[in-house]
Amino acid sequence: MQQNGISSFVGMESLSDWLTIDQEHLSEFSHSTYLDPAHVDLTASRNHALGPELVDGFLLLSLLVYFNFKSPLSSLDGSYGFNYGLDRVRFTSPVFLGEPVRVRRKVTQVVDKTPTRTLVTVDIEMEAGRESPRVVMVARWLYMLVDGNAERA
């Protein structure tokens, strides 16, 4: 795929719009991950010092998918990508309900794996707090970009 210009993605950066995390989505996330009293004992979680409005780190991590589809870094005709994994994730500051978050993304590496598949590495910083943004999560996300036209041929 390098011949299609994908190597030029290295260094590409973007800054997303803000997204505010609300109670409805936090509740749905808890339900979908079985974090409710019907499935697990949440005593330890309910007793932590940060309170019930703390947004779970895994919800923050899952928002990367939202930001990726809301504002793709790039688009190649006939191509698609799939999640290849994460090399690292760190939650550096708590996020609470009602706080807006956004992501800064930078493509740091592009490696051909086959003639039709390329591994793309993106470094991400999630920020919270519109007035004086602070970094709340850093992650290195890998996805496999597939030249769908070439694979169908």
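This is a predicted model: local features need pLDDT of at least 70, side-chain atom pairs count only at pLDDT 80 or more; totals for chains, interfaces and linings use all residues.
Local features need pLDDT of at least 70 and side-chain atom pairs count only at pLDDT 80 or more, while totals for chains, interfaces and linings use all residues. Residues are numbered from 1 along each chain as its sequence is written, and side-chain values use heavy atoms, with hydrogens and water left out.

Strand β3 spans residues 79-91 and holds Y84 (strands are DSSP runs of E, at least two residues, and helices are runs of H or I, at least four, numbered from the N terminus). Y84 counts as partly exposed because its relative accessibility is 47% (the class between buried, under 20%, and exposed, over 50%, with a 1.4 Å probe and protein chains only). Together with Y80 and F82, Y84 makes a nonpolar surface patch of about 300 Å².

β3 turns up again in the second largest pocket, where its 5 residues are the largest share of the lining. α3 (57-70), β3 and β6 (134-147) each supply at least two lining residues. The volume of this pocket is about 420 Å³. Of its 16 lining residues, N68, F69, Y80, G81 and Y143 are the closest to the centre.

Over in strand β1 (residues 13-15) sits S14, which is partly exposed because its relative accessibility comes to 21%. Leaving aside residues up to four places away in sequence, S14 touches L73, V103, R104 and R105 (contact means heavy atoms within 4.5 Å). S14 and S71 are 57 residues apart in sequence, with 8.7 Å from C-alpha to C-alpha.

Definitions and conventions:
Patches are made of residues with over 30% relative accessible area and no salt bridge: like charges are joined within 9 Å, nonpolar side chains (Val, Leu, Ile, Met, Phe, Trp, Tyr) within 5 Å. Accessible areas come from the Shrake-Rupley method with a 1.4 Å probe; for residues, only the protein chains shown count as cover. A salt bridge is a side-chain nitrogen of Lys or Arg within 4 Å of a carboxyl oxygen of Asp or Glu. On a 1 Å grid over the protein atoms alone, a cavity is a set of points where a 1.4 Å probe fits but cannot get out, and a pocket is an open set with protein on both sides within 12 Å along at least five of seven lines; lining residues have an atom within 4 Å of a point. Grid points are joined across faces, edges and corners, and a volume is the space filled by probe spheres set on the points.
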